[in-house]
Amino acid sequence: MNTSNTITFFLVAISCSSIFANNGVPEVQRQPNIVLILADDLGWSDTTLYGNTSYYQTPNIERLSKRGMTFRRAYADSPLCSPTRSAILTGLSPARTGFTAPNGHLGTVQLKARPGKQASPTAKSVPVNTVTRLDPKYFTLGEALKAAGYQTGHFGKWHLGIEPYSPLENGFDVDLPHHHGPGPAGGFVAPWSYLDFDPQTPNEHIEDRMAQEAVAFMEANRDKPFFLNYWMFSVHAPFDAKKELINKYRKQVDPKSPQRCPTYAAMIESMDDAVGTLLDTIDRLGIAEDTIIIFASDNGGNMYNWVDGTTPTSNTPLKGGKATMYEGGIRTPFSIVWPNHTATNSRSDEVIQTADIYPTILEMIDLKPQANQSFDGISIVPALKGKSLKRDAIFTFFPHSPTIPDWLPPAVSVHSGDWKLIRLFHEGQNGDHRWKLFNLADDIGETNNLANEKPDLVNKLDAKISGFLRRTKAVVPTVNPNFDPSKYNLANEGKAELKGKPQAVAKAGKQVFGWNSGGTGSLQPGDGKLIVNSTGGDPYLTYDFERPLPAGKHTLKLTFSSDSDGFGKLFWAHKLSKPKFQLGRDIEFDVVHDGKQNTFSVTFDSKNPLTAIRIDPSRGKGKIVISAAELFSSEDKSLYRWEFR
């Protein structure tokens, strides 16, 4: 009998078994191995676990889930990656650690969160300055398991800091490819740009390679307890995949489906293949009965990049996606395999969160926390055994406001039973808060805000939020002393609140979806589009960003149809530009005026932080119908995407 025990955490699964000598006398039982698989940006609707997709296929994730329990109501601790990763490693909420934004790759070292100093006059609150490194004072999951005698290996993404804050300083014996960035270096398909980690074959896929390295780690440590922490690069940007898989899914696109991105589908298949590689190895080594497998994602699916003429995914029936506090940003797939403890092919409606992983693993392997060590998460072992959890609520703290679709101001939320309350910091009158209340049992899409109808329930749930913020000593957003009510951008939250009512945005003035018309052009909202009507000569439209975007090379991608004529031009502005748009900061681009939707990419170099852009789409009389607009960095990272709805 093979004596290895394995925990797989895709979050991967753990199980315990007795070890017997050849004479049948039981030896001292060894701890099970642990394999933790964490997907990156994989949405709740991106797998076949919940019956939401027929396009994106995940047979190996489904195979994993059938070995154990799948949770329908599992949540990341944040709608963005680094905060969730910190919660997994510490068992603590980002509100307590201060790691509230994905800034682990930045050069600045900041170990304590601080109140923000300033915000745009368009914002009512000042966001928090986040931690940029996981503070060494925390006794991480890796350190706990290493101290318990485990061989520990980290594979894939980290995004919590470079040395001395890398996996090697946080309890891991092995770290491959030892990369601190927010995504795969140079793309998923070789050639890559990792330091001292080269592809073995031309066009090697990084997820294939990571799975291969993880297999080698399991094989080398099959006779020792090990912790395999496999944090996938998939399916984070940049968006590229094996060409043969992209072609495969391009032939299967249903243009009426909300999920119709061939490149993203190909990325999901490679991710799922890597899960299958781990499962195959566990079976081949004969350690499946001794393996705990946990599978999860760090946040919801990405809905604000633009790939193959569409968004990478849709989180339907959930609202929103990555970087939003709506369900699409924080509800994630989650399965745990724990042989001989958890019923196979079982489901649970218990509410769980990624901070629960650490205390759960400790109880599964009968390991006590350190003296004076406490967690914000709880052990979900009772749920794994079919019982109810004694939990009043979970909380999600996100004191930031990314400029994305389904935008929300800095916020904190509570889930309690079927109810979810979102507190929007200082978004009410005179610096007071504002709230959104949803009954998720009846309204999983968060379409009906019941806050005004149920003030007593709002007060009760908001008191829980206040208690949570006190307990965690959270650094919270402050009132913006520079807020100018005349500049408050209704169109921002209008992207979510006024869906299906475009005229409501238009009534705010000549500003439509946050854009202002100028010259010989006027704006009107369309069905998911922004329409520019030109009387000829010099039509243009301008957009002021809520806060400055980083300096550097940028690419604006525009998709629009036109029956006008002439070339197009793009201007950009810096913070103190006078006049705002100047000659010398402009680029001409060719426009096809054939009445069909065409995509144009315009690259420019902003030497200072970018505060506004101006688009001159033509020189003649006619109609320009813009269906998509997105701004990318030189690393192909989406900086800003506009929604015309």
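**View 1. α5 passes α7 in a right-handed crossing.** In this predicted model, the axes of these two helices lie 9 Å apart, at an angle of about 15°. An angle under 35 degrees counts as roughly parallel, and α5 and α7 are therefore roughly parallel to each other. On the α5 side, the contact is formed by Glu207, Ala211, Ala214, Val215, Met218 and Glu219. Their partners in α7 are Ser270, Met271, Ala274, Thr277, Leu278, Thr281, Ile282 and Arg284. Sorted by class, the contact of α5 with α7 contains 8 nonpolar, 3 polar and 3 charged residues.

**View 2. α6 meets α7 in a right-handed crossing.** The axes of α6 and α7 come within 8 Å and cross at roughly 125°, which means that α6 is oblique to α7. From α6, Leu245, Ile246, Lys248, Tyr249 and Arg250 take part in the contact. From α7, the residues are Pro262, Thr263, Ala265, Ala266, Glu269 and Ser270. The contact of α6 with α7 comprises 6 nonpolar, 2 polar and 3 charged residues.

**View 3. The largest nonpolar core has 55 residues.** Leu42, Ile206, Met218, Leu228, Tyr230, Met271 and Leu278 touch the most other members of this core. At least two core residues come from each of the helices α1 (59–65), α5 (206–220), α6 (243–250) and α7 (262–284). The strands β3 (34–39), β8 (226–231) and β9 (291–297) also supply at least two each. The most are given by α7, with 11 residues.

**View 4. Another core, of 42 residues, lies apart from the largest one.** Its members include Val131, Trp231, Phe334 and Leu362.

How values were computed. Residues numbered from 1 in each chain as written. Predicted model: local features only at pLDDT ≥ 70, side-chain atom pairs only at ≥ 80, totals over all residues. Heavy atoms only, no water. Core = buried A, V, L, I, M, F, W, Y, C linked by side-chain atoms within 4.5 Å. Buried < 20%, exposed > 50% of the residue type's maximum accessible area, 1.4 Å probe, protein only. Helix = DSSP H or I, 4+ residues; strand = E, 2+ residues; numbered from the N terminus. Axes fitted to C-alpha atoms, helices over the stretch in contact; angles between N-to-C directions. Parallel < 35°, antiparallel > 145°, perpendicular 65-115°, else oblique. Left-handed = near helix turned anticlockwise from the far one by under 90°. Contact = heavy atoms within 4.5 Å. Nonpolar A, V, L, I, M, F, W, Y, C, P; charged D, E, K, R; others polar.
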